[in-house]
Amino acid sequence: MSWIVFIVTALTVAGEDVPGGALQLNLGSEQLVQSSGTEIRVPGFSVPSFVDWNNDGLNDLVVGQGSGGNPGHVRVYLNIGTQEYPQFSDFFYVQSGGSDLTFTGGGCLGCFPRVVYWDADDRKDLLVGQADGTVMIFLNTGTDGDPAFEAGQFILVGAAGVYLDVGIRATPTLVDWNNDYMKDLVIGEVNGRILIYLNCGCDGGIPPSFCHADPSGIFVQEDDRDLLVPPGRSSPVIMDLDGDGKKDILTGNKEGQLLFYSNVGTDETPVFSGFSLVDANGVPIDQPGELRSRLFVCDWTGDGYLDVLVGFGDGRLHLYQSVGQPGDINKDYRVDFTDLELLVYCLCEADCDQWDNLDLTGDAKVDYDDLVFLLAHWLQDSRIETQLSPENAEQPAFLSSGQG
């Protein structure tokens with residue numbers, strides 16, 4: 001069977017791609033993040049994120065800390081390593097007006113910081129959820145690469161301009177929930193509900209305005225009722241995590257687990273129906289006790305796969321890195337029709353060696369050896385093995401003889 005006939009056969013039998021719905025993360029064993037050779041451990045409960053704080057092209061750690069017995073502070077650990085191998089020096093506290101930002105901790109939260117671009121000045125700002133349920137924004141008066149913050153402002157909602165208040169344990173994220181090209185607030189809280197405050201669009205929605213929003217928020221729905229993350233303490237991340245083009249929810253909870261809610265509605269009007277627990281190395285993530293889980297989805301090493309950084313009540317930073325699949329060009333955790341299509345298209349281009357992720361054999365060139373590599377790993381998929389069984393198609397000689 002010639003190469004062309006085999007490729008056409010493979011493209012034909014591949015047919016439709018695997019549908020969305022299942023979480024596209026393949027997390028490996030837990031790792032504990034270190035600074036200067038020692039495990040990072042903050043007082044109280046840790047709330048991590050991984051962003052480029054100083055615009056040097058490397059992501060840094062921005063970590064909230066604190067609890068009922070410890071005041072809330074925001075730490076920054078600058079990355080002194082590389083994109084592929086992050087390493088961290090000692091930390092400094094984020095300041096406002098020359099003093100460390102300090103928040104009143106309560107119970108299981110000191111503060112919940114997220115780096116955002118709030119206004120139109122292209123300088124990173126700091127959004128902070130507080131233990132008492134309110135949310136503050138700290139605007140950057142420095143530069144994007146060297147942030148400095150003014151005194152915080154409480155986020156106001158409703159025509160009367162009352163403080164946004166979700167009760168207690170506010171865990172905010174800024175995202176365009178309804179696809180109107182304006183950033184909204186999605187916030188978890190102590191009882192496990194997830195609330196939405198839609199940007200009203202005043203002045204184009206930048207900075208976000210919530211003057212027409214319901215002060216009580218709109219509750220995310222699950223099976224025609226308010227979604228409640230069991231047994232409470234929701235901390236949502238909103239993004240497409242099953243490859244179907246619709247925003248999903250990944251959240252922590254009181255028990256130290258990670259829960260995935262697949263969107264069964266549309267991207268503009270998300271709706272949910274049940275959850276699945278997230279595994280790491282084949283075992284559900286479930287820290288002993290009631291350590292809470294506050295997570296951040298990132299690409300830890302720049303390899304194109306999504307990883308998960310989680311803070312717990314032990315004050316440490318727990319990292320779960322994704323384990324890739326050999327031959328997976330588009331980084332969707334499987335080798336399939338799309339990967340083959342990308343490689344075949346590249347092989348027809350003159351500048352093929354310039355394409356990212358396509359040198360599968362590691363020989364610094366993209367050629368038919370990479371095609372052999374991809375097909376060999378693709379055929380390990382039981383679905384394709386069945387479709388390319390002897391009664392359906394002749395097996396290429398190189399797979400049985402070892403010749404390339």
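Below is a short chat about a predicted model.

Reader: Let's start with strand β5, residues 60–67. How many of its residues are buried?
Author: In this predicted model, 8 of the 8 residues of β5 are buried, so the strand is largely enclosed by the rest of the structure.

Reader: Which residues sit on which side?
Author: One side of β5 has D60, V62, G64 and G66, and the other has L61, V63, Q65 and S67. Both faces are covered. In a regular strand, side chains alternate between the two faces of the sheet.

Reader: What does β5 pair with, and how many bridges are there?
Author: Strand β4, residues 47–51, runs antiparallel to β5 and is joined to it by 5 bridges. Strand β6, residues 70–79, is also antiparallel to β5, with 6 bridges.

Reader: Which residue in β5 is the bridge partner of S49? And which one in β6 partners L61?
Author: S49 is bridged to V62, and L61 is bridged to Y77. β5 and β6 form a hairpin, with 2 residues between them.

Reader: Switching to T171. Buried or exposed?
Author: T171 has 1% relative accessibility, so it counts as buried. It lies in strand β16, residues 171–175.

Reader: What does its side chain reach?
Author: The T171 side chain reaches the backbone nitrogen of G188 at 3.1 Å and the backbone oxygen of S234 at 2.9 Å. Residues that T171 touches include F112, V186, I187 and P236.

Reader: Salt bridges next. How many does the structure hold?
Author: There are 10. One of them pairs D144 with K124, with the closest N and O atoms 3.4 Å apart. D144 is in the loop between β12 and β13, K124 is in the loop between β10 and β11, and the two are 20 residues apart.

Reader: Why does D144 count as buried?
Author: Because its relative accessibility is 17%, and buried means under 20%. K124 is at 3%, so K124 counts as buried too.

Reader: Where do D267 and K247 sit?
Author: They form a salt bridge, at 3.3 Å between the closest N and O atoms. D267 is in the loop between β24 and β25 and K247 in the loop between β22 and β23, so the pair ties together parts 20 residues apart in sequence. Both D267 and K247 are buried.

Reader: And E290, what does it meet?
Author: E290 meets K254 in a salt bridge, 3.7 Å from N to O. E290 is partly exposed, at 40% relative accessible area.

Reader: Last one: which residues form the nonpolar surface patch?
Author: F154, L156 and Y163 form it, with about 280 Å² of accessible area together. F154 is in strand β13.

Terms used
Residues numbered from 1 in each chain as written. Predicted model: local features only at pLDDT ≥ 70, side-chain atom pairs only at ≥ 80, totals over all residues. Heavy atoms only, no water. Buried < 20%, exposed > 50% of the residue type's maximum accessible area, 1.4 Å probe, protein only. Helix = DSSP H or I, 4+ residues; strand = E, 2+ residues; numbered from the N terminus. Pairing = 2+ DSSP bridges. Patch = residues over 30% accessible without salt bridge, like charges linked within 9 Å, V, L, I, M, F, W, Y side chains within 5 Å. Areas by Shrake-Rupley, 256 points an atom, 1.4 Å probe, with all protein chains shown as cover. Salt bridge = Lys/Arg side-chain N within 4 Å of Asp/Glu carboxyl O. Polar contact = N/O pair within 3.5 Å; in protein donor to acceptor, adjacent residues only side chain to side chain. Contact = heavy atoms within 4.5 Å. Lists of a residue's contacts leave out its neighbours within four places in sequence.
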